[in-house]
Structure formats: structure tokens, C-alpha cells
Amino acid sequence: MASSLSLSSHTVASLFPSHTSKPQLSLSKSIPILTKSSQSQFHGLKFSHPSSLKIPRFSTFKTSISAKVNKGTVPPAFTLKDQDGKNVSLSKFKGKPVVVYFYPADETPGCTKQACAFRDSYEKFKKAGAEVIGISVDSAESHKNFAKKYRLPFTLLSDEGNKVRKEWGVPSDLFGTLPGRQTYVLDKKGVVQLIYNNQFQPEKHIDETLKILQSL
């Protein structure tokens, strides 16, 4: 056919420059998620200086995973500081079901929705005899402010350096640029009965964990 396909006011022929012309890359339009806001629309991703933001190489965000927790296994033990600065060990909760959820960061849209959803269903978790533990890289002080602001009744632990995240093998999202949002349900013996990963529907973590808890 003699007709040409049009793409954004440029014909297909224009995509293949002649030998005498030099290809040019137009960057006249900015990327929406990097401007006009200090917070990305991606759940859990923060930008502190949008006007001068530089995109790091993906390798900057990659973390080595030394192990991976699977269903039917006992995950590595840990001791981390809670929002009050007190050491909390996973072994403390042995003998009762435990929900351990890893999330990207305090105060981000998705993480706030998830935390508040756990808060709103907290009585159901208590009725099931389960403890809820949230873990992120944020400091104990950040957790304290986060818990106070949203009246969170459960434990938040500070995993500085992402040590526990790496030991448990929590995967990252967006080519390694975004810390993963993953939830584990442990039974009374400390054995993993559920692993649920969903970065962009944070509230669904609550539904899935309650389902498995009711079956234990």
C-alpha cells in the first residue's frame, strides 16, 4: 500500500534518517512521576529532590540475596528494634501465628494504606490469636511517628541495612528499584504457611492473610 503510518506527527519514514542526517532524540516532555511532587505515584517510592533528580543505575538498587524463605520452611530468626527502641525477637512469638509483612517505607501512599488496613482488621487478627509485625528499613523513630500518626496497634521493626529482608529473600520490584511488598504467615510452630506478594494492591495482603489464618 502507498499510504504511510503516522506516529505523533512523524511518518514511519522519519524514523529511518538518511545517511546525511543525524538522528536526534527529543526530550521536550518530562516524565510525570518525577515532577511536581516529592512523592512518586508508585506505592512506596520516595523522591526527596524532584527538581534535580538523577536516575541511578539499576545496579545501585540491587541487593544480594543470601537465602530465600519458602512455604513449609522455618525462616531465619531475627532481633530488631521496634518503634519504642526495644529489641524484639521473632522467637518471642513462637506458640502463636505470626504475620510478618515487609513494606517499602513509612508514609508512602501504598504503605500507609496497607498499615491502616491491618489496623482496621486488627481485632480479627487478635481473634485468630495472631500477632502482626511490619518491617521496613526505616528507623525506630520514623516507625514511632508513623505508628502514632495512624494509631497503629501492632509492632513495627527497623531493618536498617535491609539485613533481614536479604536473609528472607524478599524480592524487589521495578527492576530492583523498589523494595518488595511481601507478607508471610507463620503457624504456631514458626513454619511458613503463606507467602503473598502484591506491590500495587496493598490492601489485599490483609484479605489473604486472614483467609489462611482462619484455616490454621
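Is Glu107 buried, partly exposed or exposed, and at what relative accessibility? In this predicted model, in which residues are numbered from 1 along each chain as its sequence is written, local features need pLDDT of at least 70, side-chain atom pairs count only at pLDDT 80 or more, and totals for chains, interfaces and linings use all residues. Side-chain values use heavy atoms, with hydrogens and water left out. Glu107 counts as partly exposed because its relative accessibility is 29%, where buried means under 20% relative accessible area, exposed over 50%, and partly exposed in between (1.4 Å probe, protein chains only).

The structure holds five salt bridges, a salt bridge being a side-chain nitrogen of Lys or Arg within 4 Å of a carboxyl oxygen of Asp or Glu. One of them joins the side chains of Glu107 and Lys149, at 3.4 Å from N to O. This pair links distant parts of the chain, 42 residues apart, with Lys149 in helix 3 and Glu107 in the loop between strand 5 and helix 1. Helices (H or I, at least four residues) and strands (E, at least two) are DSSP runs, numbered from the N terminus. Lys149 counts as exposed, at 51% relative accessibility. A salt bridge is also formed by the side chains of Arg119 and Asp120 (2.9 Å, N to O), and Asp120 is exposed at 58%. In helix 5, Glu208 and Lys211 are three residues apart and therefore separated by about one helical turn; their closest N and O atoms lie 3.7 Å apart in a salt bridge. Glu208 is partly exposed at 21% relative accessibility, whereas Lys211 is exposed at 54%.

Helix 1 comprises twelve residues, 109-120, and its first and last C-alpha atoms are 16 Å apart, close to the 16 Å expected at 1.5 Å a residue; the expected span is 1.5 Å times one less than the number of residues. Its buried residues are Gly110, Cys111, Thr112, Gln114, Ala115, Cys116, Ala117 and Phe118. The cover over these buried residues includes strand 5 (98-102), helix 2 (122-127), strand 6 (131-136), helix 3 (140-150), strand 8 (182-186) and helix 5 (204-215). Cys111 has a relative accessibility of 1% and counts as buried, as does Cys116 at 14%. No disulfide, defined as a pair of cysteine sulfur atoms within 2.5 Å, is found in a search of the whole structure.

The largest nonpolar core has 25 residues, of which Tyr101, Phe118, Phe125, Val132, Leu152, Phe154 and Leu156 touch the most other members. Such a core is a set of buried Ala, Val, Leu, Ile, Met, Phe, Trp, Tyr and Cys residues joined through side-chain atoms within 4.5 Å. Two or more residues of this core come from each of strand 5, helix 1, helix 2, helix 3, strand 9 (192-197) and helix 5. Helix 1 provides the largest share, five residues. Another core, of 18 residues, lies apart from it and includes Val88, Val98, Leu157 and Val164. Beyond four places away in sequence, Phe125 is in contact (heavy atoms within 4.5 Å) with Val99, Phe118, Ala130, Val132, Ile206, Thr209, Leu210 and Leu213.

Ser158 belongs to strand 7 (residues 155-158) and is buried, at 8% relative accessibility. Its side chain reaches the backbone oxygen of Asp138 at 2.6 Å. With residues up to four places away in sequence not counted, Ser158 touches Leu80, Lys81, Ser136, Val137, Asp138, Ser139, Ala140 and His143.

Terms used:
A polar contact is a pair of N or O atoms within 3.5 Å; within protein, one must be able to donate a hydrogen and the other to accept it, and residues adjacent in sequence count only if both atoms are side-chain atoms.
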